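Subject: Structure for your review

Dear colleague,

Please find below the structure I am handing over to you. My notes on what was found in it follow directly after.

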2 protein chains.
Amino acid sequence: MTTTRRHQVVIVGGGFAGLHAATSLRDAPVQVTLVDRRNFHLFSPLLYQVATGALSPANIAAPLRDVLKKQKNTRVLLGEVIDFDITNHKVLLSDGELDYDTLIVAVGVRHHYFGNEHWEARAPGLKTIEDATEIRRRVLEAFEVAERETNRDEQEKWLTFVIIGGGPTGVELAGALGEIAHHTLRHNFRQVDPSLARIILLEGADRILPVYPPDLSAHATRSLAKLGVTVLTGALVTDIQPGCVTVRSGAQDVQITAQTVLWAAGMQGSPLGRKLAEAAGAPLDRAGRLIVDADLTLPRHPELFVIGDLAHFSHQSGKPLPGVAQVAMQQGSYVARLIRARLAGNSLAPFHYRDYGNMAPIGRAAAVAELGRLHFHGWLGWMMWLFVHLIYIVQFQSRVLVLVQWGWNYFTRSRGARLITGAAGLRFGHPTAAGRGADHPPTP
Amino acid sequence: MTTTRRHQVVIVGGGFAGLHAATSLRDAPVQVTLVDRRNFHLFSPLLYQVATGALSPANIAAPLRDVLKKQKNTRVLLGEVIDFDITNHKVLLSDGELDYDTLIVAVGVRHHYFGNEHWEARAPGLKTIEDATEIRRRVLEAFEVAERETNRDEQEKWLTFVIIGGGPTGVELAGALGEIAHHTLRHNFRQVDPSLARIILLEGADRILPVYPPDLSAHATRSLAKLGVTVLTGALVTDIQPGCVTVRSGAQDVQITAQTVLWAAGMQGSPLGRKLAEAAGAPLDRAGRLIVDADLTLPRHPELFVIGDLAHFSHQSGKPLPGVAQVAMQQGSYVARLIRARLAGNSLAPFHYRDYGNMAPIGRAAAVAELGRLHFHGWLGWMMWLFVHLIYIVQFQSRVLVLVQWGWNYFTRSRGARLITGAAGLRFGHPTAAGRGADHPPTP
């Protein structure tokens, strides 16, 4: 009697790409192991709503074990991958190792400060749940400090918010901050008027949302203006100091005094991607993403797939596919189909991305959307955005809760998840919190 | 022309007592300042549901500014009170001070380890949002580590949970853990069976819920047994080491090997209460609570009120009122009525607590409830518990969301907020996480 060992597929990363690869391998004649450092899948397109107090972390996160609990051929492993032994087909964990026949790496990207990594503490980015609650804390505390500040200049500094990067994340954050300042916090304060807050969105290119058609960029700029957001284009950030952002606009350097600065300007491949590239002798692009073949494998390594944001795939149009959930999901299911085909002795055409369109929400009830040749904006774009995002949220429970929460937020202009957490008490963790203090006692 | 200065009421603490005092002063001819270190009111009776992944923090927290935004005579101040200057009628903040005519202190209690404060890291208590997410992390990680552990003894240790203290909090936590192990995590793991987890509830008295009538204690014990919870009564904890709890039961010392230990055994007045007692020359009881007069003031200080869990009030039955939300809310509104009466030149009868009953939920669909002479248990008790708690959640939004979340949890036996957060990745922060490691690689 012989026991045939099943083909082992190891997937590193439970984001859109990795999770879709796993679920697409349901009932395939393989043993799947999904490894992630976190115990949940994150619906990252809604992360900005956690950062701005509209949703709770659990609304946009689904426990990986729960999503995969009925998939008999799949196990979930909470663990930290530290390197790869390509020769011996092993994934090295901080406390063990895993054998694979096929390896799928989908560990995504992280913020990129273009050589100014020390800016991170002054201008945090938005990639994880912890990033989101940290940004939420900074934004809410800024209004709290402004309320107690008696010096006008200091107060204004605390009421100025700069978002660096006019891509979808920057536009979403700016719109949500506009909502907060003009509507959510109305009547909440006694000394300051939150609607006097300045929200400045900086973009290096000549228009925001540069990957969208120009008419939608213009619509987005108008929608943001209605929410009190100032858009500065052609503005390159040259320095970030505590309380001050320096911007080169044309030939001039402009200084913007602002206590809260958020970063939405750049992404680079996760460090683990670099390790895989070294181990497999695979090429990286300038953003640290792995350049993959037309079937999403690494050169000379048909058993190694890289998918999702970490993959640089340019076989379709000559330029790399964008780092969006749609691309990641389609790549995940392509890889699963290719593995099935191979085990059945068949082959498969190269990966082909079907672009169903792009959309970016702006504040409470506007969005821009591009679906092929059709362009939508305003309320109609927003309804489409809402519909698509509800459909794609992984768990039905979250869909119901998010819908109820959104319905509530929409009609009341409230945001229920406005908690300053993470410390047992006050922190005021902004770099220059020392600006306030006993000099300006808040005595009535 | 003379401007009359309004009577200044400063309330320290935005819990049930402080918030009810503030809202009860709506439209009173006073200026109210509510100071808290946190920006939200916490509905603490449901904190155990956050600790066990059933609800999100924002579901049980309401931003204080939002609750009070329409109350014109009231301002909210996010700040840290460090001491009191009774002579000059000042509250001292870490960065300023506040003048008061009447001061209401409602800063509550914290865990009490009876001289074994070093136990705190090994057996955390449940009082804040951060406590709840920390307990959630420990519980969820314990199952994750057990899944990867190959040594049987170690695995069993990670699957043993000890809750110290058989009062309402301990019973609620134990019941929720029973639900998690037997229902929520079903099919989630491949190596371990979560329903084999041992959950042990330790109580020093001869029955759990000792303040309830004996028949309800017996019902609670039976309900817990159905959820796989072992109740040990007459069990005094004499030591807590990492991975081991020592219990004196009768004349014998028993050692329980358990990785996760939770503390629900004792409370003491907040340190700020002690400072107030020193400043005002007021008496403290053994638990560090301030012994108040029949009108909730401190002796010889009619302008100083202490209410809520921090107050020791024994003028009614000879023994102090329990530290529950009902008492706190009634005291808050009594103080507001007394302040109004004084300003109108009237007096008021001493505080009288109206006891509407007690209830404690056990798992998904059982509770014990005592309403005067009527005792309820099982499903009926649970429906009553559910109704009362929904009614009292401060914001309507939370009521809707909690109802939807509970409905979902009830019918699916799921818990959506099962997130391990607070670290950018893995921590396995239990004291003896070193027990696992490269000795037991999780290779398939």
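A nonpolar core is here a set of buried Ala, Val, Leu, Ile, Met, Phe, Trp, Tyr and Cys residues joined through C-beta atoms within 7 Å. In this predicted model, the largest such core has 274 residues, of which Ile164(A), Ile307(A), Ile164(B) and Ile307(B) touch the most other members. Leaving aside neighbours within four places in sequence, Ile164(A) is in contact with Ala123(A), Leu202(A), Val237(A) and the run Val261(A), Leu262(A), Trp263(A), Ala264(A) and Ala265(A).

Confidence

Chain A has an average pLDDT of 89, and 92% of its residues score at least 70. Over residues 424-444 of chain A, however, the pLDDT is below 50, although this stretch has 40 contacts in the model beyond near neighbours in sequence. For the complex, the predictor gives an ipTM of 0.83 and a pTM of 0.87.

Helix 10 of chain A

Helix 10 of chain A covers residues 378-392.

A hairpin in chain B

In chain B, strand 23 (residues 358-361) and strand 24 (residues 367-371) run antiparallel and are joined by 4 bridges. Within this pairing, Asn358(B) stands opposite Glu370(B) of strand 24. The two strands form a hairpin with 5 residues between them, and Gly363(B) in the turn has a positive phi of about 70 degrees.

Positive phi in residues other than glycine

Most residues other than glycine have a negative phi. Two residues of chain A may be noted against that background.

- His187(A) has a phi near 70 degrees. His187(A) lies in the loop between helix 6 (168-184) and strand 12 (198-202) of chain A, and is partly exposed because 13 other C-beta atoms lie within 10 Å.
- Arg300(A) has a phi near 65 degrees. Arg300(A) is placed in the loop between strand 20 (297-298) and strand 21 (301-306) of chain A; with 10 other C-beta atoms within 10 Å, Arg300(A) is exposed.

Asp215(A) belongs to helix 7 (residues 214-226) of chain A. Is Asp215(A) buried or exposed? Asp215(A) has 12 C-beta neighbours inside 10 Å and so counts as exposed, since the cut-off for that class is 12 or fewer. Asp215(A) and Val91(A) are 124 residues apart in sequence, and their C-alpha atoms are 47 Å apart in space.

Ala349(A) sits in the loop between helix 9 (325-343) and strand 23 of chain A. Because Ala349(A) has 9 C-beta neighbours inside 10 Å, Ala349(A) also counts as exposed. From Ala349(A) to Pro320(A) there are 29 residues in sequence and 19 Å in space, C-alpha to C-alpha.

With kind regards

Conventions: Residues numbered from 1 in each chain as written. Chains lettered and ligands numbered in written order. Predicted model: local features only at pLDDT ≥ 70, side-chain atom pairs only at ≥ 80, totals over all residues. Expected span 1.5 Å × (residues − 1). pLDDT = per-residue confidence, 0-100. Contact = placed C-beta atoms within 7 Å. Pairing = 2+ DSSP bridges. Buried ≥ 20, exposed ≤ 12 C-beta atoms within 10 Å, placed from the backbone.
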